[in-house]
Amino acid sequence: MRSRNLVSQHAAINRQLPGASFLRSLKRSVGAALLGSSILLAGCETGEAPGLGQAGYVGGFFGGVASDEPNASLAAREVLTVGGSAADAAVSLAFALGVTMPGRAGLGAHGACLVHDANLGLTEALDFLPPQSPNVKPGSPAMPTFARGMAALHARYGRLAWGGLITPAEQLARLGHRASRATRNDLEEKWRRIAADPIARAALGTANGTVPDGITKWQQVELASVMGQIRFRGAGAMHSGTLLRAIHESYEALGAGFTLEEFQNYVPVWRRPLSVAAGNHRAYVLPPPFAGGVPLGQTLGLMLDTQGGSFADDPETSAAFLKTMVSGLVDREDWSKAADMTPEQQDALLEPERLAAVAANRRGPSQPIPGLPPIDSGSTGFVVVDREGLAVACTIGLVGGAGLGQMPRGLGFFPARQPPPDYWGGPLIIANDRTFQFHLAAAGDTGAAGMGALLSSTLRAFRDGVSLEAALKEPRLTFAPSVGVIVESGAPEAYGKGGASLGIPVRQTATLGRINMAYCPSGLPVEPEDRRCAAATDPRGDGLSALVN
């Protein structure tokens, strides 16, 4: 029997080393420039070799990062180059996204991460979704769980001091920065809704009430103040004292159903992920109660055994892909009715016997699936990997563009909407089953768009050997029970014919999902001369990937 990659029961893994030099160097560099400028070194002044947390500590390959926004990617890159772990870099990136992509991320967000540690041979899932309760209705203000989620990631896998990881985001907001094209385009899409709220318009807009122009510096002073407290006091600052009361009172006024005590005592959950065979590797996905992990794993497991090729080559290729997606969603209707599943029952959902039964399905979903939005779900995904083979893939979001669309006074961030019980986030990590070396990480939008985009891009890169850039550039299609087959405009005819051959309505959309990926065919860690790695962002957006071989 194959050995399970179980979540260990030991105390939290603590890789954190003294990182005061990192915080000092970031503070000293802020006056010259934000992310991407050289960090001033205490080591350079004395002629000593740079230490952990100082620029120049890592020479050559430092890892890779890909996200939907360049400033956030640069924050993560800076952390990797001074010796931070992938978890450190992910924390810094995620907080920076709260400044640069406020309509998709932020202190009001929630989400999930997959983490793979090649050295420990351990893969875990971090669940920081807001709790479900009878008093909290879908669509109401969701408990802001993001900060404690990132604190849990840092406590378990971080190496540098917490405060220095938050500083880049705080300074982006406090000192201001020129909004990137990614920021401006995302705000433009949501601006009518954002501008309808006077507080949000004043916090995010120009003096004329318009989207930042990318020329003048864009400041978010109220958000910087909250981030300053989190930097100094830790993520617990949001769950204690005056900030706790201010947040809860603001959310309560907007109709939130959670109590002050529930917010104060919230703790993220580390879960054991599920995995499916991928040749000599395992593909790891989120476990129940996450709704998207099992269908993602089933579809990927079945499609990896099929003949490769582009959807443009033959309608049968796209038809097989869609049929497998539909079968996984139908199977979910069966297993999701079970109350509580044991770990063994969860594992069985991705074993060969279950996959064979899924492949034999001939039914379609009996009803639309709550929580499976067909297109934009107001979320974003990112991936980070370090040179030691620690990989982090996360999806965070607000459920709908700009969450509630209302910004509480004095806080500087949007509350997310309470997600339905079925959460369709889908980060993915692939690692070797024997050596535990990292191979691939992917994350992006939630919902049907994100699932179809992640599946198609992963299959083309991992199964077919297409470059990441080419895999992400190819047209996409997906299946949503409430809509049917959705195909990107301009896709070859074979895409639509595949759905039509199954008797499913076919509709078109301009773009379908955004995915960020990192892929090391050689595995990580590995000897430098054997290393082959790439990171890439989705060309449908204006993000940034960074990787040095």
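Counting bonded cysteines along the chain, the disulfides of this protein follow the pattern 1-2, 3-4. Keep in mind that this is a predicted model, where local features need pLDDT of at least 70, side-chain atom pairs count only at pLDDT 80 or more, and totals for chains, interfaces and linings use all residues. Residues are numbered from 1 along each chain as its sequence is written, and side-chain values use heavy atoms, with hydrogens and water left out.

**Exercise 1.** Find how many disulfides (pairs of cysteine sulfur atoms within 2.5 Å) the whole structure holds.

*Solution.* Searching the whole structure turns up two disulfides. One joins cysteine 113 to cysteine 394, with sulfur atoms 2.0 Å apart. The other joins cysteine 520 to cysteine 533, with the sulfurs at 2.1 Å.

**Exercise 2.** Work out the handedness of the disulfide between cysteine 113 and cysteine 394, and where its two ends sit.

*Solution.* Start with the S-S torsion: for cysteine 113 and cysteine 394 it's about 110°, so this disulfide is right-handed. Strands here are DSSP runs (E, at least two residues), numbered from the N terminus.

**Exercise 3.** Is the pair cysteine 520 and cysteine 533 buried or exposed, and what is its S-S torsion?

*Solution.* First, both cysteine 520 and cysteine 533 are buried. Then the torsion: about 115° around the S-S bond of cysteine 520 and cysteine 533, so that disulfide is right-handed.

Definitions and conventions
Helices (H or I, at least four residues) and strands (E, at least two) are DSSP runs, numbered from the N terminus. Buried means under 20% relative accessible area, exposed over 50%, partly exposed in between (1.4 Å probe, protein chains only).
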